[in-house]
Amino acid sequence: MTAGSNESLFSSAYGVADSLLLMEPRITQDALERTVTAVLSMPQFGSIDGNRLLKELEAKNNTHVSGYSVIDDNDFSAWIAASQETRPFEFWKRYRHYLDRKKRLPREVLDQLDRLTDDILDRLRNPETAGEWDRRGLVVGDVQSGKTSNYTGLICKAVDAGFPLVIVLAGIHNSLRSQTQLRLDEGFLGFDTRLNLLAEQENQRIGAGKMPSAPFLVAHSLTSSTDGGDFKQATAQGTRIIPGGRDPVILVVKKRVSILKNLLAWVLSVRGVDDPDVPGGKTIRDVPLLVIDDEADNASANTNEYRDDDGNIDEDADPTKTNGFIRSLLTAFEKSAYVGYTATPFANVFMHHQAYSNAHGQDLFPRSFIINIPAPSNYIGPEKVFGLNRPGTEGETPGLPIIRRVRDASPCFPPKHKKELSVSALPASLKEAILAYILACSARRARGEVDADNSMLVHVTRFTLVQDQVARLIEEELADIRRQLEFPGTGGDAEERLRQLWDSDFDANAPKIRELLPDHDLPELIWDQVRQQLFDATKRMTVRRINGSAKDALDYTDHPLGLSVIAVGGDKLSRGLTLEGLSVSYFVRTSRMYDTLMQMGRWFGYRPRYADLCRLYTSPDLVDWYRHIATATAELREEFDLMFANGENPLQFGNRVRTHPDGMLITAANKMRSGASVRAGFSGTISETVSFDISSAEHNLNVFSEFLEGLPRITGNGRFVWTDVDGGRVAELMGSLETSRDSWKANSRAISDYVTNRVGAGRLKNWTIALIANGRSKVPARIGPYDVILTERENHMPGDREKVTIGRLVSPRDETIDFSQDQIDKAMTETIAAWQRKSPPKRDQPKSASGPFIRRQRSPDHGLLLIYPIDAGLDGDIPIMGFAVSFPFDADAPLIDYAENSVKQLEELFA
């Protein structure tokens, strides 16, 4: 029996088992095992791997999702439930069946998708609503966490509910547009648009349309997934389809000015009527429009100045062209709904809610709603990779041991090289990454996943001429390895190097990864199993250059027996482009760090049955900054939950985030362009040091020692706590410390300015100071007059002689060190109350109070300074002095100009 027929038989067995489980009143482990036994007893399924079947059913039924939270303008009436009683919703039912049976999405994920798309549609408008309306929303999810599935489900339901026209804005490159169209062909249309744009019975069915007993549903597309399949007026006119006619119509277009200009001209030519009261002078009546903006932070935002010299909205100011055409398109329709999808930290929130142009209408600020979607439990994101969760009673949560720091790439790929760069050899780290990819593909085959798609991503330059050289060298390296494996004894040590890497890395780290990912099915392997697959794995491998064209969308669907690709790309590698089965990534910094970081994010996602085989090769500074961004995102989401609990609206959230220190990573992108200063406020936030310059260690130790010498002598059992310390002394302390450029949020100079301002206003006069002296390192030290045991934190930059970088510093319980039991209980009660308000299903009830809810219990007059002496293994046993400042909420707090060193550091990201 071939591998393909094996997989087909397994799929059939899975479908039977899934159907049997529907008859179970409750899905328990006993029920799962009983079902697998029943399926294996059927003659046709006797050869099926029962353990794999059980694991996949467990994954489907034991993957949990956190509840999502919504903040909105309360200007809506729920309508979708009533519509589902009178309409069949066939597109949605067909798509859900496809996700359930073909894609094997976990039950809770499907249930959440069902509720979430209902909630989004409720906050839009019933397309049958009379009169003029315009709704704008934003959905925030994790990178590579399933946003395409989310908006495909939304499109299915919207069309079922009566929206006749859907336009999907899909990135700025052909590759992403083509891939997005293909996904919608599979999930929504059910036929291949490369062959036909119109829905006809003889079309080649794919995806949801190909499922057994799937109904034939009529919806037309005016774009296709081919290279030249973007919108063209001539193509649209040739079909004679008019938007708002009998059948629904979808278009998937790039965010390019020429495309959007032609699209706007076409819809106005076929449906527009004169109306001098709207921007542009024409409007389209009675054709409700749904616009989905994929990667809404990319190209859609207006980065031009929209205020006049007096600071007022300038209605004659020109927005960026792409932003202007998107706004004009929405404004042209009497009834329109816009939903942006993004993983970048709330980027669209930084638009001004009142920005208006006479020529284009209102900006894209999500004034109607913002939805925050947490990822399912089987998602591998920054928290798991980097170990970003706050330390608990057992110390730090370690990150997955899969990051390999690249330090030898600069001679081959200098950070500021030109397009004429000559590359004659690959760095040793890239050669090792290729070996790691061969091992990953071979190990997946050894686990029975012979027909699985596999991808490796190589990002070392933004210049296509240099990419071509790198791709050629990788092809030569791969060909030589393949030759050695096919003809052993003909020279070379490829198999020996593969064996050494397997033993020293993959086999050595597998137990730790299984311990950190207990809910993942990661069968143990021995070397002989992997070795037997090495040649066959390399035989399937191909090298592709990724430069933004549609042919780069990587035609996985055209390879039913699996595609194994090494994709070489740069800055034109479309954000959002999915690389199936991505296991090994090789990133080094190119000309703009922020662009590289956003592409690095595509590494995260779902890695069923091969999470232990994944490796991320990258430079230390990229790891450091991605950790900064991921931490900032996590804390902004905590702020979101607080505002959700308070019943606040998108405008209030936008105002909060724009002035939040974590928002600097986002605001800097636009502000740096105009030369404006970066300003932020500390009200209701926590600032903790996570990066330290070794050169400042002794100075800061002396400053803290002198500060503690000046406080009253006390005794303590592992912790020394002072209360009612004058705020002026804290401001003076902060002004004397030296904080690292990389510690952009815990900038001691900015904190000193803020505390001085609030003390002058009669706030923050009283402080609690806590010296955390009971660390887990067992290393003693003396800080001022006090003997302490140093805190243990993992150094994420080993080998760096200039700085130390850690993950998270503060344990949540430390932030309540000066609270009464009533305050602790209230913070916990409010945290759980906010969790309970989220939409089900949810099984992740918080075990500790969330930071914003803790700080809400703190009086505006009272601050908290936590001091952590850290064991960094420095010469002379000098400790690194970490600190954290917990600020209470203060409605009157000002914004502080950030010190020049922090601004310069951010300029590196955005300049």
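Mentor: Keep in mind that the model is predicted. A search of the whole structure finds 17 aromatic pairs. A pair of aromatic rings is described by the distance of the centres and the angle of the planes.

Let's start with Trp 133 and Phe 163. Their ring centres are 6.3 Å apart and their planes stand at 85 degrees, so this pair is edge-to-face, given that angles over 60 count as such. Trp 133 belongs to strand S2 (residues 133–140), while Phe 163 is in the loop between helix H7 (147–161) and strand S3 (165–170), so the contact ties together parts that are 30 residues apart in sequence. Both Trp 133 and Phe 163 are buried.

Now move along to Trp 722 and Tyr 786, an edge-to-face pair with 5.5 Å from centre to centre and 70 degrees between the planes. Here distant parts of the chain are linked: Trp 722 is in strand S22 (residues 719–726) and Tyr 786 in strand S25 (residues 786–789), 64 residues apart. Trp 722 and Tyr 786 are both buried.

Rings can also join into a group: Phe 682, Tyr 754, Trp 767 and Phe 887 are linked by ring pairs into a cluster.

The charged end of Arg 104 sits over the ring of Tyr 14, 4.5 Å from the ring centre. Likewise, Lys 157 has its charged end over the ring of Trp 92, 4.5 Å from the centre of that ring.

Notes. Residues numbered from 1 in each chain as written. Predicted model: local features only at pLDDT ≥ 70, side-chain atom pairs only at ≥ 80, totals over all residues. Heavy atoms only, no water. Phe/Tyr/Trp six-rings, centres within 6.5 Å; stacked < 30°, edge-to-face > 60°. Helix = DSSP H or I, 4+ residues; strand = E, 2+ residues; numbered from the N terminus. Buried < 20%, exposed > 50% of the residue type's maximum accessible area, 1.4 Å probe, protein only. Lys NZ or Arg CZ within 6 Å of the ring centre and 35° of its normal.
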